[in-house]
Amino acid sequence: MAVHSSLVTFAILALMAPAISSAMEYVVGGDDGWKLGVKYEDWAKDKMFVVGDTLVFKYKSESHNVYKVTGDEFKSCSVPSNNSLGSFTGNDRIKLATAGTKWYICGTSGHCDGGMKLKITVLDGAPAPAPSAASTLFAKGTGFHVLLGMIFSIVAVIMV
Ligand SMILES: [Cu+2]
């Protein structure tokens with residue numbers, strides 16, 4: 001019976017997975033944090049940022065800071081005169097409120113040119129799928145989960 005129960009549990013989890021995915025919190029740079037010598041492009045490339053997620057910039061506040069900039073400022077490493085993000089605490093939390101491309105740089109002289117720059121693309125949050133909207137689910141690319149869940153449900157039912 002143990003096998004059957006775990007199959008049923010797996011089926012339930014697989015079915016629920018798209019619905020229970022919630023806002024993520026990303027520490028920029030992972031364990032390295034926000035400093036010189038980290039390739040933030042590499043850090044960001046395999047991540048999917050969604051509206052509602054939070055970026056956490058962890059850094060030594062006497063050495064670094066974080067500015068939200070435009071694409072042009074990002075390219076030229078121009079530090080804006082105002083800090084749109086508030087204060088520099090060394091543990092700055094930035095909630096991703098809107099979809100689109102976002103750019104962040106360190107404003108300490110030479111640091112942006114030295115690689116302290118982060119560009120991410122924020123996607124619209126996926127609304128929790130309605131249970132009856134199977135066709136919509138497939139269209140949104142979460143179909144695999146549902147399909148997997150259904151297969152295991154059927155297998156579990158047959159076996160029990
Ligand atoms: Cu810096």
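Strands here are DSSP runs of E at least two residues long, and helices are runs of H or I of at least four, both numbered from the N terminus. The model is a predicted one, with local features needing pLDDT of at least 70 and side-chain atom pairs counting only at pLDDT 80 or more, while totals for chains, interfaces and linings use all residues. Residue numbers start from 1 along each chain, following the sequence as written.

Gly 52 comes out as partly exposed because it has 14 C-beta neighbours inside 10 Å (20 or more would be buried, 12 or fewer exposed, and partly exposed is in between, with C-beta atoms placed from the backbone). Leaving aside residues up to four places away in sequence, Gly 52 touches Ala 23, Leu 96 and Gly 125; contact here puts the C-beta atoms, placed from the backbone, within 7 Å. Asp 124 is 72 residues from Gly 52 in sequence, yet their C-alpha atoms are 8.9 Å apart.

On to the strands, where pairing takes at least two DSSP bridges between two strands. An open, mixed sheet of three strands runs in the order S1-S3-S5. S3 (residues 54-58) lines up antiparallel with S5 through five bridges, and Phe 57 has Asp 92 in S5 as its bridge partner.

Elsewhere, S4 (residues 67-69) and S6 (residues 100-105) run antiparallel, joined by three bridges, with Val 69 opposite Trp 103. S6 also pairs with S7 (residues 117-123), antiparallel over six bridges; there, Lys 102 stands opposite Ile 120.

Key. Two residues are in contact if their C-beta atoms, placed from the backbone, lie within 7 Å.
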